[in-house]
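Let's take a walk through this one together, from the overall picture of each chain down to single residues. Have your viewer ready.

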Amino acid sequence: MNSLSPFTRGWASFVPFIVLLFYCFTPVLTVKHENFKTCDQSGFCKRNRAYADTAEASSNWDSPYNLDPATISLSNGQLTGTVVKTISRTGDSVRLPLTVTFLESGTARVTIDEEKRQKGDIVLRHGSKARKERYNEAERWTITGGLTPNKGAALSSDIQHGATKVHFGPEGKFEAIITHAPFSLDFRRDGTSHILFNSRGLMNVEHWRTKQEAPPEGESSAAEADPAVPPEDESTWWDESFGGNTDSKPRGPESVGLDITFSGYEHVYGIPEHASSMSLKQTRGGDGNYKEPYRMYNSDVFEYELDSPMTLYGAIPFMQAHRKDSTVGVFWLNAAETWVDIVKSRPAVNPLALGVKSTTTTQTHWFSESGLLDVFVFLGPSPQKVVQAYSELTGYSQLPQSFAIGYHQCRWNYVSDEDVMDVARKFDKHNIPFDVLWLDIEYTHEKKYFTFDPMTFPNPQKMTSHLDKHDRKLVAIIDPHIKNVDSYPVVDDLKKKQLAVNNKDGNIYEGWCWPGSSHWVDCFNPAAISWWKGLFKYDKFVGSSPNTFIWNDMNEPSVFNGPETTMPKDNLHHGNWEHRDVHNINGLTFHNATYEALLERKKGEVRRPFVLTRAFSAGSQRVGPMWTGDNQAHWGHLAASIPMTLNNGISGYPFAGADVGGFFGNPSKELLTRWYQAGAFYPFFRAHAHIDTRRREPYVAGSPYTEIMAQALRLRYSLLPAWYTAFREASVAGTPIVRPNFFVHPSDENGFAIDDQLYLGSTGLLAKPVVTEGAESVDIYLGDDETYYDYFDYAIYSGKGYKTVPAPLEKIPLLMQGGHIIPRRDRPRRSSGLMKFDPITLVVVLGKSGDAEGSLYLDDGETFDYQQGAHIHRTFRYEASTGLLTSEDISDRGSKTASYLKSMSHVRVERIVVVGAPSDWKNKESVIISEEGEKESGSRQRSELQFHSGQGGKAAWAVVKDPGLYITKGWKVDFS
Amino acid sequence: MRESILTRLVYTSIIYGGIAFSADAQRPRGVGPEFAKFYKTTDTFACISNPSIILPIASLNDDYCDCPDGSDEPGTSACAHISPLSPPSPVDNTLNNKLALPGFYCKNKGHNPGYVPFTAVNDGVCDYDLCCNGSDEWQGVGGIKCEDKCKEIGKEWRKHDEERKRALGAASKRRAELVKEAGRLRKEMEDRLQSLQTEIQGSEIKVHNLEKEVAEVERAEKGKLVKGPAGGGKLSVLGGLAKQRIEELLKNVDRVKNERDDARRRLAGLEELLTSFKEEYNPNFNDEGVKRAVRAWEDYIAQGKAPDLNNALEQDLEQIMKPDAENGLNWEEFQDADESDVEVLYNFEQYLPKPLREWLNQKLRDLRVFLIENGILANPHSDASESAAVTKAKQSLEAAKSALRREQDELKSHQDDLAKEYGLDDIFRALKGQCISTDSGEYTYELCWLDRTTQKPKKGGANVGMGNFVRVDTVMVDEELPPNGKGLGSGERIALRYENGQFCWNGPNRSTLVVLACAEKDEVWKITEEEKCVYRMEVGTPAACQPQGTAKGVREKDEL
């Protein structure tokens, strides 16, 4: 139709304009910037940045910190000494005790304190009751292991003048060179510098000082001051006001700062939580860079913005740097407000140095408002080693109950017990699986936690047993703010027992949150934790049942009328620590208290707790999942969820996800559908919606959207054995559950910044969720030369680089990397619990070598019996050379192994699918099966093999039909 | 370890061989009688929708899916994935994506047979709702044993069923009464329509006559040479003017008063709204705009609210507004006193014999009219008030006209009403104007048939309009029917749409979808707020029953 073409062309040129218009008018809610501080509005941030600017501007900057060589000693893996800070204006010096601990894992820890404050030799302003020491209990809440010193760490014989050198780590391959004056550290591996401390001289420990009243006009200040040194800017030292709140700062300025340089590393990742790329951006301005440092100060940020270094709900001050075949990292153990500046420098290449590539170095600058300077150094060399070393310290990700990795249906709010049962019935009616139904705050009686609204939830037991019938769970929200109202026993008790957070004067703190006037339980107090545990007993939290689990929200803590929507920094916690000192771990202590409470609901009933948290910090991974908070029903937020989840995963907290559908606003049906397809690849898969939005459960949208969403959900459910195996791996090795390209292909330099596609555990499954409107295809990046197959039709993709994969609405771009064996359960059920005894399908994906390997971990998905051997853990291996597929036991046997295996003895391997089957199987009709322990002659059986040759760029595949094998047993399948 | 293989074989044979056929020996496990014909052969099996695929009989119910339509596994969950809801895979022969069988057949002796979805077969849950004999869990996975409960479930069901049937019978009867009532109302209206039409004809004639009369009177008045301002007493003129003016003022005072009252009501409403806005707004949203509004409201409140009405002044006002006669003012006296001194002179005609007098009078008037009409004489009434006679005539005309209008309006409204959709058999005509209500949570919800839905807080406070009736509609529902029958069940149901209720903060105008099902009496069963300010009522009423004699008169039990 030639006549049409001009029109078509005209229309086509018009399209971009329409698209542009669309972007102009799509309403995107934006954060209220005025509610949150910029660096300039945060006194210590401004001071540390100014300090850095002064240092960088000076040609001969001299860091005023020197290690006194006379004080150095090394014993039992621990080096001690005193760093002396010289105050140039007065010539006074401040003594800062230094400890460098070399741990067995090869991790090094550098801790700097302030002697005067250790001794309590200071005076606080305003008659404050706050503690005088620098906060030294972050370790208590954060670190759970791996602190054993490496007694083999030794001073090097190769002593340089003015420096101390220590060999440590595996086979002594790591070195720490400590330069005395100015004090700096150089961490080396294999003779090369990887991480440098204070090489730029930005170290800054703001020592305690008294406030000098301004001298009368005309008089000179302190007589001994050096007139050559200009007086310091004291404007941000004392009381600081923001947004109508004044921080009394009884200890004055007390920040700690340090520059940390990753020598030769172009990419740094981590320090969640930010709505930003996984590979962190520079923060000192310039094209495409941020102007503000990355901030970590757990906050309830309403309508957060994307591509921003602004703080969010959680903070993990763990950063790793990666370059080809090398990964290193640092963990900044500090619970106070923290900012990180990042700049990257590429030194000019010496044209004469042939073969030496110009390498980029990433320079970071960290500063916290208070507390110790306490940094762990990980020298890798692989991403796996770094995250493992970090996890050894802060704990491994919880192995959750198996329902927790199914699908969660949430909404603010399911309005009544009838409503809850109705939603469950509708899912069943539409044959869509789900595991958990969630209740947001409206279930409570007038926002009093531990109560159900008697009007709308008159019969919570009926509701929970209705869910239980199909092995489903209920999650109810419990927040840390306790309504301040008469005749509410919980608040009466909280007040009477003095278990709440206090204000700066030591009286109970009162703020505003969902219930109106509220108090906050102080979970830094052991007595508060014991009390909190008691509240969850079934006879206390009336209406809760064994299948009721908990969601902790607002635990940053969110205080509606507080500065930056949180508590005043001069509030006092247990032990009179200032809120300033502990802010970022406040959420963890509350989350952890709830976890402990769920362990003790009933004597003898020990189940793995499930507690979701919004606020988090290093260590929260031990307790339960997090989600990325209040996102928006907008394509940009869908896109942002992928790097955010990946970044959390490599930062030791892999049980993460975003609200499917977007919390605020109404998603279009297409967006919602794409979000389910993406959500099927979040480790934590929950849909949630704001109270002002329309209902959007997957059955609401109608055809074809409902079917497509159901397919995504069923895909998730069929892959649950693979997911659970990945969760298990995370729980013992700290590995991410969904993995970015650099983690899987650490040598592939082109893929280091890729953060919009993910690998599921060690399965070789590679997904790239569609995050744009109207997409018909996506470009997936392949980080190696292995063969990849489309999951749904076995189309073949190979060769490094980007491949275009079709992605119409009904299709999730999902590939299988050759060389893996993927366990599945293909029978759709109503919930994951009802799949427990279903047979397994093994998908053997042959790679270029013709070999494949995979594993499967199963346990009861509920108790801790797996720790006593009640689990199945098998490796499946196919070797092209022998044509044998084998199942090998790699479990840890224990007292409960036998009874568990008995309970699972009927679980079959239903079928074996071989993708990329060799063409010489074409005429093969059967394979030979033999079971472990059987005599070759007596046990060999034949099982039918069906071969399908590949057509049109698709791989050949073969199916072994019902081989009669059991998952608890060892066996061999002979394809030769 | 020969043993384990043996064990396996034994286990396999028990499951797949021994009891592949259920106790009902004619049919394989899970096959319903209507599909028995496909399972007659004993050596091979042909997939139902794909008969070219022929399988050895051992493939039947061997817990492995062979047929693309799942028909080889009527008794297991092996083919449960065959569905457009499952992710596609080359392995599942996705020829049809559709199961040939409705599910796993449960004979349910002692109750009604049922089909359990294949996804629920051998999943460790006894699905007694559909399979009271527990045969869906024949594998006993995880140690589950589902005992046969058909006897008790069947008994219970029959009890309910009888009650349901009785209730439906009663409902049917009640419906017939409603239809009758609706018919009566319709008849009444049609009769009224008839008489109205006659009345209108009469009124039209009356109006027509009166119009003529007015013209006549006016014409006559024009001829009254001495009447009018030139001849009329000044007092009378003044009276006329004053009356006109005062009438105007009163009319305007009344209008202003109404406007004021309206504004006061709106102000009170607004203040109430802002008071609750201030109390209920969420400071967490940190919305500067909202905060500013709250602050401004606080300032406004600080200045004090609008003064209350001064009762004394208000009474005065009311007094003023009363008809003039009650204030001792009788305009007639002034106006009718149109006997002026000049007029008296012309009274000579009274002394003439009557026929002559009339003739003369007529002639004089005609002349005068002629002069006026030809512009020779000025029109005495052009800038003066009408004479009493004209006014009277006009008033009669106006009265007649408005009577006619009323009649016409009534006619139209009746006609519209008769044309309006009142559901099958005009049934809702019988319910119109009646209201039913139910308590749910903190509220009482009221449904007024074809009028409005209302939410009334039990703790006091203003009622909230949840929508005004818009139209009768139908919706598809698919819900479990509770044993007492008080539920919507499945299929097409009559629905009443109520829209444009009170505006919702941060949301739409409230609306209610009222879904009806047949029941003995009018009753609100369930009220849900599905999303913000969008309500759904499930209501039982005889009006929703199928008319007697139609097949769907009694709702069948779902699973049949």
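In chain A, 72% of the contacts with a separation of 6 or more come from residues 24 or more positions apart, a contact being heavy atoms within 4.5 Å. What you have here is a predicted model, where local features need pLDDT of at least 70, side-chain atom pairs count only at pLDDT 80 or more, and totals for chains, interfaces and linings use all residues. As for bookkeeping, residues are numbered from 1 along each chain as its sequence is written, chains are lettered from A and ligands numbered from 1 in the order in which they are written, and side-chain values use heavy atoms, with hydrogens and water left out.

Chain A has 17 helices and 52 strands; these are DSSP runs numbered from the N terminus, H or I with at least four residues for helices and E with at least two for strands. Of its 976 residues, 64% are buried (buried is under 20% relative accessible area, exposed over 50%, partly exposed in between, with a 1.4 Å probe and protein chains only). Its mean pLDDT is 93, with 94% of residues at 70 or more; pLDDT is the predictor's confidence in each residue, from 0 to 100.

Chain B has nine helices and 12 strands. Buried residues make up 39% of its 560 residues, and 51% of its contacts with a separation of 6 or more are between residues 24 or more positions apart.

Now for the inside. The largest nonpolar core has 167 residues, and Phe450(A), Trp532(A), Tyr676(A) and Met816(A) have the most contacts inside it. (Such a core is a set of buried Ala, Val, Leu, Ile, Met, Phe, Trp, Tyr and Cys residues joined through side-chain atoms within 4.5 Å.) Helix α10 of chain A, residues 579-599, gives the most to this core, with eight residues. A second, separate core of 51 residues includes Val83(A), Ile87(A), Phe102(A) and Phe262(A). Back at Tyr676(A), the contacts beyond four places in sequence include Tyr407(A), Phe685(A), Arg696(A), Met709(A) and Leu713(A).

Next, Lys129(A), which sits in the loop between α3 (115-118) and α4 (138-142) of chain A. Is this residue buried, exposed or partly exposed? Its relative accessibility is 49%, so Lys129(A) counts as partly exposed. Skipping neighbours within four places in sequence, Lys129(A) touches Asp505(A), Gly506(A), Leu572(A) and Asn576(A).

Finally, some backbone details. A cis peptide bond joins Trp412(A) and Asn413(A), with omega about 15°, and Asn413(A) is in the loop between β22 (407-409) and α6 (417-429) of chain A. Another cis bond runs from Glu556(A) to Pro557(A), with omega near 0°. Over in chain B, Leu450(B) is not a glycine but has a positive phi of about 55°. Leu450(B) lies in the loop between β6 (443-448) and β7 (452-457) of chain B, and counts as buried because its relative accessible area is 10%. Cys533(B), also not a glycine, has a positive phi of about 65°; at a relative accessible area of 2%, Cys533(B) is buried.
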